[in-house]
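Here is a short report on a protein model. Please look over the sequence and the 3D view before reading on.

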Amino acid sequence: MQPRISAYFFFILLLGAVVASVLIFLPFMTPLVLALAAAIVLRPLYRLMLRIFGHGRFGPTLSAIATVLIVLVVILVPLFFLVGSVYAEVQQLYAMLIDETNRSQVVTRLNGFSQSLSHAVFGALPAYSFDSFNITEYLKTALEWVFSNLDSIFSSMTKVAGYALVFLLSFFYFLRDGSILKRMFISWSPLLDSNDEYITRVFKRAVRSVFAGTLVVSLLEGVVLGLAFYAFGIPAPALWGTLAAITALIPGFGTSLVVLPAAAYLYISGNPLYALGMIIWGYAAVTLIDHML
C-alpha cells in the first residue's frame, strides 16, 4: 500500500509541475514556436557558421550568435522600418481623404467612377438609392480600421519588445542546443527510436515547406508588387505591398485582390499603359516566383 500511495503522490506532483510549466510558458508560446520554426529553417546557415567558427568549446555559441545577428540585420531591422513606413503612409492617405481642399483629382475621378458604376449596376432597382455610394468614404473607413490597429500595436511596444527578446533568446538556444534537445526527445519518448527519428524528419519537412512554400513566397510577392507600385507612381507603395503579401496567402484570389484595383486606379488616373504594365508585372512576377519556389 505504501509504494502505491507514494506512486500516486509522485504522479500528482508531476502533473502539478507540468500544469505549472504550461501556465508559465503559455504567454510566450507564440515567440517560442516561431523561434523553433526559424531554427529549423535557418539550420543550414548555422551549420555554415559552424564550419567557420569550428566545433570547439566556443564554436557552437559563436555560430549561434552570428546566425542571430544575421537574422537581426537581414529580417528584423527591415521589418521594423517597414512597419514605420506603413504607419506613416496610412497617416498620409487618411489625411488626404479627410481634407476636402487637398483631395487629388484621382480621388474625385474614383468617386465619379464609383457613382457611375453603382447606377449602372443597381440602377434597375428603383426602390433603393445608391447615391451615397462613395469610394472615398469606404477608403476612409478602411484606413481608420488599419490606423486604429497599427496604433494599438505601437501603444504596446513593451509587449512587442518582450516577445522579440524571448524569440531571440529561444532562437539562440534552439540553434546551439537543437541536437541535444532532439536526443532528449528521442530518449524520453516511449516510441521506438526509429519512429522518433521519422517524426522529427516529417516535422522538419513540414515546417520548411510551410515557410518556403507559403510565407517566403508571399513575402517575395509583396516585395515585388511593392516595387511595382512604387515604379508606377501608386501612393503608399509600402502599405499596398504589405497588403499584397497578406492577400498572397488567400487561396484562389491571392494578389489579384491588390493588383486589379491598382490597375483600375492607374486606368482611371489616365494612364492606361501603366495599368497594362501593372497587370503584366503583377501576374508575370507572381507566376515566376510561384514556379521557382
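**Basis**

This is a predicted model, in which local features need pLDDT of at least 70, side-chain atom pairs count only at pLDDT 80 or more, and totals for chains, interfaces and linings use all residues. Residues are numbered from 1 along each chain as its sequence is written, and side-chain values use heavy atoms, with hydrogens and water left out.

**Overall fold**

The protein has 12 helices and 0 strands. Its order from the N terminus is α-α-α-α-α-α-α-α-α-α-α-α. Helices (H or I, at least four residues) and strands (E, at least two) are DSSP runs, numbered from the N terminus.

The protein has 293 residues, and 28% of them count as buried. Buried means under 20% relative accessible area, exposed means over 50%, and partly exposed lies in between (1.4 Å probe, protein chains only). The exposed surface comes to about 19,000 Å², with 74% supplied by carbon and sulfur atoms. Areas come from the Shrake-Rupley method with a 1.4 Å probe; for residues, only the protein chains shown count as cover.

Contact means heavy atoms within 4.5 Å. Among contacts in the protein with a separation of 6 or more, 64% join residues 24 or more positions apart.

**Helices α9 and α12**

How do α9 and α12 pack? Their axes lie 10 Å apart, at an angle of about 160 degrees. Axes are lines fitted to C-alpha atoms, for helices over the stretch in contact, and angles run from 0 to 180 degrees between N-to-C directions. α9 is therefore roughly antiparallel to α12. The cut-offs are under 35 degrees for roughly parallel, over 145 for roughly antiparallel, 65 to 115 for roughly perpendicular, and oblique for the rest.

The crossing of α9 past α12 is right-handed. A crossing is right-handed if the near helix is turned clockwise from the far one by less than a right angle, and left-handed if anticlockwise.

On the α9 side, the contact residues include V217, L220, V224 and F229. On the α12 side, they include M278, W281, A285 and I289. α12 spans residues 272-292.

**Aromatic rings**

A pair of aromatic rings is described by the distance of the centres and the angle of the planes. Rings of Phe, Tyr and Trp (its six-membered ring) pair if their centres lie within 6.5 Å; planes under 30 degrees apart count as stacked, over 60 as edge-to-face and the rest as tilted. The structure holds 4 aromatic pairs.

One of them joins F167 and F171. Their rings are stacked, with centres 5.9 Å apart and 10 degrees between the planes. Why are F167 and F171 about one helical turn apart? They are 4 residues apart in helix α7 (residues 157-176). Both F167 and F171 are buried.

F172 and Y173 also pair. Their centres are 5.0 Å apart and their planes stand at 80 degrees, so this pair is edge-to-face. F172 is buried, at 14% relative accessible area. Y173 is partly exposed, at 41%.

Ring pairs also link F232, Y274 and W281 into a cluster. W281 belongs to the α12 side of the contact with α9 as well.

| Residue | Relative accessibility |
|---|---|
| T200 | 12% |
| T247 | 12% |
| S170 | 12% |
| Y87 | 17% |

T200 sits in helix α9 (residues 193-231). Beyond residues up to four places away in sequence, T200 touches K182 and F185.

S170 lies in helix α7. Leaving aside neighbours within four places in sequence, S170 is in contact with L32 and A35.

T247 is part of helix α10 (residues 237-247). Which residues does T247 contact, leaving aside neighbours within four places in sequence? They are G254, T255, L257 and V258. T247 and G222 are 25 residues apart along the chain, with their C-alpha atoms separated by 8.9 Å.

Y87 is found in helix α4 (residues 59-98). Y87 and A238 are 151 residues apart in sequence, yet 9.5 Å apart in space, C-alpha to C-alpha.
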